[in-house]
Amino acid sequence: MGYTQKQKEYIAKANHRWNIKSGAVRSGKSYVDVTAIVPMRIRERIGKDGLVLIIGVSKETIERNVLQPMREKYGKDIVGTINNRNIAVVCGEPVYCLGAEKVSQVAKIQGSSAKYVYGDEVAKWNKDVFNMLKSRLDKPYSCFDGALNPEHPTHWLKEFIDSDADIYLQEYTIFDNSFLSKSFVENLCKEYEGTIYYDRLILGKWVRAEGAIYRKFADNPKKYYCDIVNKYTDSPHKQFLTSQLNDITIGVDFGGNGSGHSFVATANVDDYKYLVALKSERHFGDYDSNDIDRLVLEFAQSVFDLYGDVYKVYYDNAETVLGRGLKRAFEKKFPDVIVRGAKKDIINDRIHCTNRLIGANRFYYTDGCDTLKTALSEAVWNSNSKEQKDERLDDGTSDIDSLDGFEYTFERDMKKYIKAD
């Protein structure tokens, strides 16, 4: 595959101290880096003083986003793997591969000069890591290339990009990638339509998260209603057969400080093509651990009776005592059900996945999900976030408990749902 006009422009003009590509997903930002820019920069500096660094959110993302695609093009003899000293040999040069989620990771090279740095997903880095780099690029030939998707407009990186530093900036929309199929672009646009992700990940804009989080759902909840049936009927609603329901999972969010105890059951259909919410409940009251065990067991029994075997239960892992009690209760009544603590992945990743499924018409709910339906309809972004970041409002005015319980059921499988897209 060749290069787009935008990518050719970057190869020709990106000769500043800081060279940054900001914009949409799948717009070609990283492709030109891993196939041309990174190996070119490394080779140009062979024999010169200073370290070569590749920095990403984690070593795992560096391998997936940078080294593996480079290896596919140039071969394993040219692009090595990361060893136990965080070094991969690339183009004959030792390259330090470091995660930027913690300052302690990059502090390993503090005091060293960097002749070249490549940055992956830069907007997701710890700010202090980026600031540390500024003093490391201390050679006349030192330079930085980085790619990112935009965040909110007051993000620390946006402030740097807008400064008077020696920066070459390219901004991409998804429409800049002429190699993408028309149908792929159209489908991705539909998935993100009506959300902040459309502006950021399709148009490449730095925009603030405001208003309804699940806007497409909130505007028309009835569109996502479904019936679970034993055989298809002439119903106007989306229908799934009971036999299609796989991996029925219950998420349990324990209440506290005025919040409710929320239970949500979901299933995947057609190998993660659809996420279907089967039932949801929320309980308020002065419950002890035995009461909570009883409520969850009754909820699980109702799911068994309606839809079949429950596969797993994930509970809020912040409440380890309640979790252990719940596990013992299930071992007595439903010994085949796996009960474990929820992963509690990054909240905004869970939101992102849900919005993509809603946008692609791949999320549905039944008439037993009133609490979840309300929670999705009323969830909003926190417009007064003190940390100036995308944050779901959690002040008791909306049902965050049901959203947490819902997300516990599918967060471990988010990659499978996205891959099935």
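Reply: Start with pairing: two strands pair if DSSP finds at least two bridges between them. Keep in mind that this is a predicted model. Strands β11 (residues 261–269) and β12 (residues 274–283) run antiparallel and are joined by nine bridges.

Me: Which residue of β12 is the bridge partner of threonine 266?

Reply: Threonine 266 has alanine 277 as its bridge partner in β12.

Me: What is the strand order of the open sheet of six strands?

Reply: The order is β14-β13-β10-β11-β12-β15, and the pairing is mixed. From one strand to the next, the twist averages 25 degrees.

Me: Which strands does helix α11 touch where it packs on this sheet?

Reply: Helix α11 (residues 320–333) touches β10 (246–253), β13 (312–315) and β14, and its direction makes about 165 degrees with that of β13. Helix α14 also packs on the sheet. The strands touched by α14 are β10, β11, β12, β13 and β15, and its direction makes about 145 degrees with that of β10.

Me: How should I read the packing of two helices?

Reply: Two packed helices are described by the angle between their axes and the distance between the axes. Here, helix α13 (residues 370–378) and helix α14 (residues 400–410) pack at about 105 degrees, with axes 8 Å apart. Angles of 65 to 115 degrees count as roughly perpendicular, and α13 and α14 are therefore roughly perpendicular to each other.

Me: Which residues of α13 and α14 meet?

Reply: From α13 come Thr371, Leu372, Ala375 and Leu376, and they meet Ser402, Leu403 and Phe406 of α14. By class, the residues of this contact are five nonpolar, two polar and no charged.

Me: What is the strand order of the open sheet of seven strands?

Reply: Its strands follow the order β3-β4-β2-β5-β6-β1-β7, again with mixed pairing. The edge strands β3 (87–90) and β7 (167–172) each pair on one side only. The twist from one strand to the next averages 20 degrees.

Me: In what sense do β5 and β6 pair?

Reply: Strand β5 (residues 114–120) pairs with strand β6 (residues 143–148) in the parallel sense, over five bridges. Glycine 119 is opposite glycine 146 in β6.

Me: Which strands do helices α1 and α3 lie across?

Reply: Helix α1 (residues 5–13) lies across β1 (18–23), β6 and β7, at about 175 degrees to β7. Helix α3 (residues 59–74) lies across β2 (51–56), β3, β4 (93–99) and β5, at about 115 degrees to β2.

Me: How many cavities of 30 Å³ or more does the structure hold?

Reply: There is one. The largest cavity has about 40 Å³ of space. Its lining is made up of Glu121, Ala123, Lys124, Leu148, Asn149 and Glu151, which divide into two nonpolar, one polar and three charged.

Me: Which residues are closest to the centre of the second largest pocket?

Reply: That pocket holds about 200 Å³ of space. Of its 17 lining residues, Asp247, Thr249, Tyr272, Thr409 and Asp413 are closest to the centre. At least two lining residues come from each of β10, β11, β13, α14 and α15 (414–419). The lining divides into seven nonpolar, five polar and five charged residues.

Methods
Residues numbered from 1 in each chain as written. Predicted model: local features only at pLDDT ≥ 70, side-chain atom pairs only at ≥ 80, totals over all residues. Heavy atoms only, no water. Axes fitted to C-alpha atoms, helices over the stretch in contact; angles between N-to-C directions. Helix = DSSP H or I, 4+ residues; strand = E, 2+ residues; numbered from the N terminus. Parallel < 35°, antiparallel > 145°, perpendicular 65-115°, else oblique. Contact = heavy atoms within 4.5 Å. Nonpolar A, V, L, I, M, F, W, Y, C, P; charged D, E, K, R; others polar. 1 Å grid on protein atoms, 1.4 Å probe; cavity = no way out; pocket = protein on both sides within 12 Å on 5 of 7 lines; lining within 4 Å. Points joined across faces, edges and corners; volume = space filled by probe spheres on them.
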